[in-house]
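Subject: Structure for your review

Hello,

Here is the structure I said I would pass on. My notes on it follow below.

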Amino acid sequence: MSHTVTFHDLSHSRQLPEALFQRTEADLSFFIERVQPIIAAVRSEGDAALQRFAREFDGVQAERMSIRVEQSEFDDAMARLDPAVTAAIAYAAGNIRAFHEAQKPEEMWLKEMQPGAFAGDRHLPIDSVACYVPRGKGSFPSVLLMTAIPALVAGVPRPVVITPPGPDGRVDDATLVAAQLVGIREIYKCGGAQGVAAVAYGTETVPKCLKIVGPGSPWVVAAKRQLAQLIDPGVPAGPSESIILADDSANGALAALDLIIESEHGPDSSAWLVTSSRRVAEQAIAALPGYWAQLDEKRAGFSQSVLCGAHGGVVLTQDFAAAVAFVNGYAPEHLEILAEEPLAVMGQIRNAGEILLGNYTPVTLGNFVLGPNAVLPTNAAAKVAGPLSVFDYMKRISVGYVTRSGYDALAEKAHGFALYEGFPAHALAVSPLRKTLLDRQS
């Protein structure tokens, strides 16, 4: 069966059709309506609802399963997993930890704003976080590393993981090994909207958490949105999306090789090659069937559905400036730049979750082992948000300290503000009465 790659020839127009900027998660009305009864069931029934949804949505065969992963399951996974995979997980964990340790802010800073008047910030970890590790289209130990390691670096006292069980009622081996290697001991078998609800409300087994982080399907995104008043939904991370931005120097076959990376995640992904070079576009389109032939049927099907559908393919622009404008308008989760001077092109990019530069930095490296966080904003959220980071697991507390010698100058100005804005109590607190009271005390 032949598959025709979606091709938008915009070489004769500077207009960028709005339809090309749409993602599968843009309209969540279908999912929001359907997650409501799931959320309500978890709230009222707790663990019993999680057991029922595990059978209904995850295909778990057993009538009951242990919702919390037991130590024996960790041990069995470590014994079963290929040592080469364990080594790869450990390698990635080292890079990810080093990156986030470098990112972590100092616990407190103070700056003298005026003589005798100091102000600053104190950084503290939040008390609890749920790391969501998806499973519907595969197993993702890399997501556990990306979500759990920054929590541990930040010092979160209770980081937990929630993830859907497989039909056997177990969590996949690599995810359990990744958790054991980095020091996570609480993993709960609940995914989808029911998992989000479980950590938003708490159940008999699953703890209520302050925040949830990690990517997920539109079902997960919809549940996070519905429960945002109960649990911080974190970086808006939905279905995968990428843009390969290529100038005329690029190898079109290489661009196609990297285009299939995010497209194999699933039919709800988005993936575009954007170029001003007709040669690059044609080479890429010609190369794709050969790459699909090297994938298994499932992943090839996912990639074909994306690159031959409405949310992926090849865009040929009038010039490279228009290609850059497309990227900034789209604000992709992943951006890979294949250009003669990728650093110069990067200077023109304002909106992207991550930027990967040059022929030797495919999205694959960023997703797994390079070190920066691969949980990235989707659905154009990169216009206002950045990657998951150690800061997402911390809160800032402002700190102020004014000495006796620094007080008078600030009090005079603050008194004027208070009177102008109509707050007499504010003004009274910095009036001469304050010094009178303090003098009496001494």
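Is Glu63 buried or exposed? Glu63 counts as exposed, because its relative accessibility is 56% and the cut-off for that class is over 50%. Please keep in mind throughout that this is a predicted model.

Salt bridges

Glu63 has a charged partner: its side chain meets that of Arg55 in a salt bridge, with 3.8 Å from N to O. Arg55 has a relative accessible area of 29%, so it is partly exposed. As background, side chains of opposite charge can pair when their charged atoms come close.

A search of the whole structure gives 15 salt bridges. Another of them joins Arg170 and Asp76, whose closest N and O atoms are 3.8 Å apart. Arg170 is partly exposed, at a relative accessible area of 22%. Asp76 is also partly exposed, at 35%.

Arg34 and Glu33 form a salt bridge as well, and here the closest N and O atoms are 4.0 Å apart. That value is at the limit of the criterion, which asks for a nitrogen within 4 Å of a carboxyl oxygen. Glu33 counts as exposed because its relative accessibility is 54%, while Arg34, at 35%, counts as partly exposed.

There is also a network of salt bridges, which links Lys211, Asp232 and Asp392.

A buried arginine

Arg23 lies in the loop between strand 1 (7–10) and helix 1 (29–45). Its relative accessibility is 5%, so it counts as buried; the cut-off for buried is under 20%. What does the side chain of Arg23 meet in a polar contact of 2.8 Å? The partner is the side chain of Glu241. A polar atom of the Arg23 side chain also lies 3.0 Å from the backbone oxygen of Phe21. Leaving aside residues up to four places away in sequence, Arg23 touches Glu241, Ser270, His311, Tyr330, Ala331, Pro332, Asn379 and Ala380.

Strands 8 and 9

Strand 8 (residues 241–246) pairs with strand 9 in the parallel sense, over six bridges. Within this pairing, Ile243 stands opposite Trp272 in strand 9.

How many of the six residues of strand 9 (residues 270–275) are buried? Six of the six are, so the strand is largely enclosed by the rest of the structure. Both of its faces are covered: one side carries Ser270, Trp272 and Val274, the other Ala271, Leu273 and Thr275, and all of these are buried.

Leu428, Leu433 and Leu437 make a nonpolar surface patch of about 270 Å². Leu428 is found in helix 16 (residues 424–429). With a relative accessible area of 49%, Leu428 is partly exposed, because the exposed class needs a value over 50%.

Regards

Terms used. Residues numbered from 1 in each chain as written. Predicted model: local features only at pLDDT ≥ 70, side-chain atom pairs only at ≥ 80, totals over all residues. Heavy atoms only, no water. Helix = DSSP H or I, 4+ residues; strand = E, 2+ residues; numbered from the N terminus. Buried < 20%, exposed > 50% of the residue type's maximum accessible area, 1.4 Å probe, protein only. Polar contact = N/O pair within 3.5 Å; in protein donor to acceptor, adjacent residues only side chain to side chain. Contact = heavy atoms within 4.5 Å. Patch = residues over 30% accessible without salt bridge, like charges linked within 9 Å, V, L, I, M, F, W, Y side chains within 5 Å. Areas by Shrake-Rupley, 256 points an atom, 1.4 Å probe, with all protein chains shown as cover. Pairing = 2+ DSSP bridges.
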